Amino acid sequence: MSVSHRRIALTLTAVAALVGTTAVSSAAVETSQPNNAVQRSLNALVDGPSFPGAIATVRDRRGHVRTYTAGVGDLATKAPVPKASRVRIGSNTKTFTSVVVLQLAGEGKVGLDSPVEKYLPGMVRGDGIDGRKITVRQLLQHTSGIPDYDEMLVDGYPAMQHVYWEPREMVDVALGKKALFPPGKGWEYSNTNYILAGLLIQKVTGRPIAEEITKRVIEPAGLRDTYWPAVGDQRILGPHPQGYFRTTTNPAPINVTEMEPSLGWAAGQMIASPGDLNRFFTAVITGKLLKPAQLQQLLSTVHAPDMDANGDGEYGLGIAKLELSCGGYAWTHGGDIFGFETRNAVTPDGREAALAVTAMPTTMDEAKRVAKSLDTALCS
């Protein structure tokens with residue numbers, strides 16, 4: 001899962017902005033000579049103790065695709081990072097969740113400006129929190145004012161690495177806090193918004209969210225290395241690097257590759273390859289998964305103060321707008337979860353880049369270095 005810039009110092013110290021079997025595909029077909037700037041950027045990321053390994057899949061302006069790796073995929077064996085790697089994608093899960101909600105809106109089953117109360121009656125109540133006054137759009141846009149639940153993990157993640165969470169448990173933690181602001185009167189990234197969006201999907205469809213995301217998004221987009229882990233499955237299926245957890249106070253890396261992903265659920269549970277992240281985001285912005293009216297809603301942004309390591313930003317409905325150093329913009333989200341950080345973006349002219357490192361940043365400087373590597377991949 002990912003967090004706003006104003007909370008990142010706390011979150012990067014110890015907690016991520018959260019996060020069926022499927023066939024294993026080969027790495028993306030490589031159709032170009034390597035871009036030395038991208039490789040140098042990845043090499044710089046793994047030079048030092050911050051990130052054991054890195055992987056990026058990049059599509060350039062000419063449509064050429066190449067996967068790059070750096071560092072090691074396993075600190076114990078020193079094995080390289082597999083080019084066909086899958087990783088935990090954290091808060092990129094939110095974009096999948098939002099697409100399903102918008103599909104339901106296009107089918108007339110959900111109203112974006114209807115109150116959450118209509119779909120989850122009596123559930124959203126707290127100090128300054130009232131589901132009768134919060135809309136579905138405000139959940140997806142992070143303008144609901146509902147607090148986050150993930151601060152419960154700040155000091156004790158290793159002890160909770162294998163603890164299973166029900167979605168309602170996470171909602172209850174958040175509802176025990178005071179509202180951040182009245183609905184629609186501010187912007188603050190909150191994973192709780194997307195836990196509620198996932199519960200809404202299940203209530204409206206009568207089916208598990210994993211099933212809905214699979215049949216509505218993963219299969220139509222042709223994503224072969226993307227899946228929602230089955231209940232209780234703490235593994236990453238298929239080729240993958242090991243993921244590590246460290247903090248500023250305890251810098252020795254702990255292997256957290258096998259972990260309970262339910263703490264992310266509809267906000268951060270999914271697993272994918274960098275190449276599949278590129279395919280997914282391109283499918284989203286080109287209208288392959290949404291009707292024109294719903295795509296317009298998805299891409300309509302509001303100002304998002306201190307959104308990430310780059311500072312202020314623009315946030316739509318589960319997607320963000322990223323200004324590039326070479327001019328223009330890209331559509332992005334990104335995600336952090338224990339063991340991995342992903343940063344990814346696609347441009348309207350067809351460039352794509354998805355980058356993963358095998359530990360979360362523990363300082364703002366580390367976070368900015370990963371963000372700069374993504375920019376290099378899109379601009380060099």
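What percentage of the 380 residues in the protein chain do buried residues make up? Buried residues come to 60% of this chain. Good morning, everyone, and please keep in mind throughout that we are looking at a predicted model.

Let me start with the overall picture. The protein chain has eleven helices and 15 strands. Its radius of gyration is 19 Å, close to the 21 Å that the globule rule gives for 380 residues, so the chain is as compact as a globular protein of that length.

Now let's go inside. As a reminder, nonpolar side chains in soluble globular proteins tend to be buried together. Here, the largest nonpolar core has 87 residues. The residues with the most contacts inside that core are Phe96, Val124, Leu196, Phe280 and Phe338. Take Phe280 as an example: setting aside residues up to four places away in sequence, Phe280 touches Thr95, Phe96, Val99, Val217, Leu223 and Leu289. There is also a second, separate core of 24 residues, and among its members are Leu45, Ala56, Ala70 and Val357.

One of the residues that Phe280 touches, Leu289, comes up again with Pro220. You will find Pro220 in the loop between helix H8 (209-218) and E6. Pro220 and Leu289 are 69 residues apart in sequence, yet their C-alpha atoms are 7.5 Å apart in space. Beyond residues up to four places away in sequence, Pro220 touches Thr214, Lys215, Lys288 and Leu289. With a relative accessible area of 38%, Pro220 is partly exposed.

Asn92 sits in the loop between strand E3 (87-88) and helix H3 (93-106). Is Asn92 buried or exposed? Its relative accessibility is 0%, so Asn92 counts as buried. The side chain of Asn92 makes a polar contact with the side chain of Thr342, at 3.0 Å. Apart from residues up to four places away in sequence, Asn92 touches Leu277, Phe281, His333, Gly334, Gly335, Thr342 and Asn344.

The other one is Ser262, in the loop between strand E7 (254-255) and strand E8 (271-272). Ser262 is buried too, at a relative accessible area of 2%. A polar atom of the Ser262 side chain lies 2.9 Å from the backbone nitrogen of Trp165. Leaving out neighbours within four places in sequence, Ser262 is in contact with Val163, Tyr164, Trp165, Met170 and Gln269.

On to the charged residues. How many salt bridges does the structure hold? There are 19 salt bridges, and I'll pick out a few. The side chains of Arg246 and Glu366 meet in a salt bridge, with an N to O distance of 3.7 Å. This pair links distant parts of the chain, 120 residues apart: Arg246 is in the loop between strand E6 (244-245) and E7, while Glu366 is in helix H11 (residues 364-379). Arg246 is buried at a relative accessible area of 10%, and Glu366 is buried at 7%.

Asp336 and Arg343 form another salt bridge through their side chains, at 3.1 Å from N to O, and both residues are buried. Compare that with Asp233 and Arg235, whose side chains meet in a salt bridge at 2.9 Å, N to O. In that pair, Asp233 counts as buried at 11% relative accessibility, whereas Arg235 counts as partly exposed at 44%. Finally, Glu107, Lys109, Glu212, Lys215 and Arg216 are linked in a network of salt bridges.

I'll close with some backbone geometry. Most residues other than glycine have a negative phi. His142 is not a glycine, yet it has a positive phi of about 65 degrees. His142 is in the loop between helix H4 (136-141) and helix H5 (157-160), and at 0% relative accessibility it counts as buried. Asp306 also has a positive phi, near 50 degrees. Asp306 belongs to strand E9 (residues 302-308), and its relative accessibility of 27% makes it partly exposed.

Terms used: Residues are numbered from 1 along each chain as its sequence is written. This is a predicted model: local features need pLDDT of at least 70, side-chain atom pairs count only at pLDDT 80 or more; totals for chains, interfaces and linings use all residues. Side-chain values use heavy atoms; hydrogens and water are left out. Helices (H or I, at least four residues) and strands (E, at least two) are DSSP runs, numbered from the N terminus. Buried means under 20% relative accessible area, exposed over 50%, partly exposed in between (1.4 Å probe, protein chains only). A polar contact is a pair of N or O atoms within 3.5 Å; within protein, one must be able to donate a hydrogen and the other to accept it, and residues adjacent in sequence count only if both atoms are side-chain atoms. Contact means heavy atoms within 4.5 Å. A nonpolar core is a set of buried Ala, Val, Leu, Ile, Met, Phe, Trp, Tyr and Cys residues joined through side-chain atoms within 4.5 Å. A salt bridge is a side-chain nitrogen of Lys or Arg within 4 Å of a carboxyl oxygen of Asp or Glu. The radius of gyration is taken over C-alpha atoms; the globule rule is 2.2 Å times the number of residues to the power 0.38.
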